[in-house]
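Reader: I have a new structure open and would like to learn how to read it. Could you walk me through some features, one at a time?

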Amino acid sequence: MTSSKLNRRTFLKLSGLAGSGLLVGCTFSSPKILSSPRTLDKDLGLWVRIGTDNKVTLILPASEMGQHAHTGQAMLLAEELEADWKTINVVTAPFHPEFINPQADPRGIQVTGGSSSISFFWEKIRLVGASSREMLKTAASQKWGVPISECRAEDGKVLHSESNRALSYGELVSTAAVIEPPDNPKLKSRDQFKLIGKPIPKLYTPSKTDGSAKFGIDVRIPNMKFATVKQSPVFGGDLANYNSKAALAIKGVEAVIQIPHGVAVVADSTWHAMQGLEALDPKFDGGRTVGLDSQTIYETLKRAANNDITTSEMKESDVVEAEYEMPYLHHAAMEPINCTAFVAENFCEIWAPTQNQHACMEVAKKVTELPEEKIKINSMMMGGSFGRRLMDDYVEQVLLVSKSIKKPVQVVWSREEDTRHGFYRPASVSKFRVKVNSEGIPNKWENQVSQENIAATEFFFGPTFGKLNFDPMTIPGRVHDYPIIPKHFYKVDGVDVGHSPVQLGVPVGLWRAPPNSINVFYTESIMDELAHAAGVDPLEYRLRFLHESPRHKTILEQVAKQANWETKLPKGQGRGIAINEWFPLEGVTTVVALVAEVSINTRGRVKINRVDCVLDCGLAVNPDSVVAQIEGSIIMGMSATLFEQITLDDGQVVQGNFDDYKIARMRDTPEINVTIVESDRPPSGSGEPATSPIVPAITNAIFAATGKRIRKLPIGKQKLV
C-alpha cells in the first residue's frame, strides 16, 4: 500500500492533551475513521506532539541504528510545519499496531528495514506537518479575528504582518487542539523547500559526541540486575552440566538460569555476571551442526549447484563457464547484543534495541502469557544492526531471566557470544554456463545459486518457504526469468536460473542489502568475464544490455566519466566497474554505479586507492546523510571483500572477536567520491544500495590490474601476482 492510495481526510486524526498541547497523528491500516478531536491518543498512532512550551516531538516507528533516519524524518516535519528546527526532538515509538511498515515488510509488521525509513514516510509525515500548520494558523486567525489568508507560519510562530503581531505555536496549541484537521492540507512544492535537500547537521551528533545518547546497553532501571549468557557452541546443542556452586560463590552472583540451548548467570553487575559465568564452566552436548566444517559446507554447496544446473549441450568454444563462492558473514555491530526487561505478574516492560518491534511483542506474549495491552516495548537506539536485530532470540532470553527472578534485568552478550551466535549471511555458491554468439552476446544464460534458505527462517513465512524448498531472496540482483519478481535491468535472452537449497543447520538471516549483497557480486563478475572473453571494454559491454534501461545507462556513463574510465593507469593498477538497483519495490528504487581503482604491489597486496560513486536515489532529503550512508556502505562492502568470513570447525564458529574476525580499518579506507544525481523522483533508499556493487567493482579492478579473476571471497591471502 502506498501513501498515494490513502484518503487524506480519513487518516489524519488529532487529540487534545488536557490543555498541555496538541497531538496530531495518522494511521495506515485502520478502517475509515473521520478526523475527530475526540480521538483517544492511544488510537492516534502517536505522531507529532506540540507542547505549550513550544517543543515539538516527533514520535516515529522507524528505529535509529546509525542511518540518520530520524534527522531526515524530522526535516520532513519541520519543513511543512514551519517549525523552529531547534525545538524538534525525535523519539522512537513503542510497539503500536498503527506503526506497521508495509514498504519494509509486506506482512504488515512494525519493522525497520529495506532502507525505507525516509521513502515510506515521505508524504505521511509531511501531511501531518502541513495539517498541524494549518490548524495553528486557524487558531491564530480566530484569536486575532482576522482571515486565515492573512496569517502565515514561520519558524515556530504564526505571524500577522498587517498588525505586526505574532503568536508562538505553544501559545496556540490549546485553541488548535479543538480544530479538526483540514481535508486536504497543501504540501509545499520543491521550489519552496527551506530544509529538504539541504545538508542539515544530524540530530544525534552532539549526544553521541558527549556520551549522553542512550543506547540499549545504557538502560538502567531501579533495582535491576545484570546477566550474561553462554550458549551451545554447536548450533542447537543442549546444556549438559555446569558448576553452579562455583558460580554462586563469585561476589555479586545471585542466580543461574537455564535458557534455550544455554545458561544465564545473574549478578549485581555485568562484570560479576561474566566472572560467574566463567566459574560456572558450562558443558554442552549434541547439536544439529556436530562435525560440520567449512570444507564440507562448500563441497555441499558446490555439489548442489552443479547437480541442479541444466545439462543442455553447449560447445566449449562458445561457452563461458564460472563458479563463484561467498562465505558466511557476521553483522559485527559495535554494540553487542543486549536487552532489558521487567516481567511482573500482570505487566511486562521491555527496553529493546531492535529493528523488529513486532517480533518483540510476539515473543513477549509467548513467554509472559500476558495480553498485548499488558506489554510495553520501548525501542532503544542501536549501536549498529545491519539486520541482526530483526531477530528475537536475545529478547526471549531476557524475558525468561526476568520472569524467573521476578526483577528487572539486563542481558548483555560478550563479543565472543555475539560473534558465535549470529544469524549469518549464508555461505553461497553460484554456477554459470553462458553460451555466446560471435559478438560475445549471450543467447543462453544458465545460472544456479546454492545456499541455505533465508526465507525458511522464522523471520519470514518459514514453514511456507520451507515446504516450497525455494528462497525468493536468492533472485533479486540476478538476471532471471521468474514471474512476479521485477526483472533485472540487463536485457539478456535465453535465461534459465534456479536456487539449490541446502540444509546445513547454521542460522542464517538478513545482512545489509539482502539479497543483492550476494547476487550482485555474481552478476557483475560474470558480466565482466563475458566482456573480457568478447574482447570488449567492460563499460561498453554492459551498455549493450541497457538499451531498455536509460536510467541505468545514464548512471553508468556518468560514473565512468567521473572516474576517468578512458584514461590508462600504470602497470599494477586497474579499474573495475559495477552497477546495482535497490530495491525493486513498487517502482521506488535507487540506481547506483561504482568504479573502484586499485593497485597491487610486488608482494601481491591489494590497495584500494579510489572509489567513484554515482547514484540516483530520487530527492535526497539530507544530502549529507545520503553521502554518509554511501561512504559507510562502501567501506562495509570493501571490508567484506577483503577480510570478513565466518568459518566452522567441528560444528562451531571459529571466530570470536575482532582479532580473528578482521574488518577494514581507517588505514584501508580509499578516497571516495560520491555524486547524487538531481532527480524529480520521490526519495528512495540510500543505506544499502552501494554495499553490493563495491564488491565486484574491486574484484573486477583486480582483474584489470593483474589478470587474476577473483571468484572466491574474501580475497584474504589469495595470490594476486
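Predicted model: local features only at pLDDT ≥ 70, side-chain atom pairs only at ≥ 80, totals over all residues.

Reader: Is Asn-164 buried or exposed?

Author: To read burial, look at the relative accessible area: under 20% counts as buried, over 50% as exposed, and what lies in between as partly exposed. Asn-164 has 73%, so it is exposed.

Reader: And what is the phi of Ser-115?

Author: Near 55°, a positive value in a residue other than glycine. You'll find Ser-115 in the loop between β5 (88-92) and α3. Its relative accessible area is 19%, so Ser-115 is buried.

Reader: What about Thr-296: where is its place?

Author: Thr-296 belongs to helix α8 (residues 294-308). With a relative accessible area of 32%, Thr-296 is partly exposed.

Reader: Now for helix pairs. At what angle do helix α16 and helix α17 pack?

Author: For a pair of helices, check the angle, the distance between the axes and the residues that touch. Helix α16 (residues 623-642) and helix α17 (residues 694-706) pack at about 55°, with their axes 8 Å apart. That angle makes α16 oblique to α17. Their crossing is right-handed.

Reader: Which residues of α16 meet α17?

Author: Ser-633, Ile-634, Gly-637, Met-638 and Thr-641 of α16 meet Ile-694, Val-695, Ile-698 and Thr-699 of α17. Sorted by class, that contact has five nonpolar, four polar and no charged residues.

Reader: How do the axes of α2 and α3 cross?

Author: Helix α2 (residues 69-81) and helix α3 (residues 122-144) have axes that come within 7 Å and cross at roughly 30°. This crossing is right-handed. On the α2 side, the residues in contact are Gln-73, Leu-76, Leu-77, Glu-80 and Leu-81. Among their partners in α3 are Trp-122, Ile-125, Arg-126 and Leu-136. The residues of the contact divide into seven nonpolar, three polar and three charged.

Reader: Stepping back, how many helices and strands does the protein chain have?

Author: The protein chain has 17 helices and 27 strands. Along its principal axes, the C-alpha trace spans about 85 × 70 × 45 Å.

Reader: What would the radius of gyration be for a compact globule with 721 residues?

Author: It would be near 27 Å, and the protein chain has 27 Å, which agrees. Burial can be read for the whole chain as well: buried residues make up 61% of the 721 residues. Then take the contacts between residues at least 6 apart in sequence: 73% of them join residues at least 24 apart.

Terms used: Residues numbered from 1 in each chain as written. Heavy atoms only, no water. Axes fitted to C-alpha atoms, helices over the stretch in contact; angles between N-to-C directions. Helix = DSSP H or I, 4+ residues; strand = E, 2+ residues; numbered from the N terminus. Left-handed = near helix turned anticlockwise from the far one by under 90°. Contact = heavy atoms within 4.5 Å. Nonpolar A, V, L, I, M, F, W, Y, C, P; charged D, E, K, R; others polar. Parallel < 35°, antiparallel > 145°, perpendicular 65-115°, else oblique. Rg over C-alpha atoms; globule rule 2.2 N^0.38 Å. Buried < 20%, exposed > 50% of the residue type's maximum accessible area, 1.4 Å probe, protein only.
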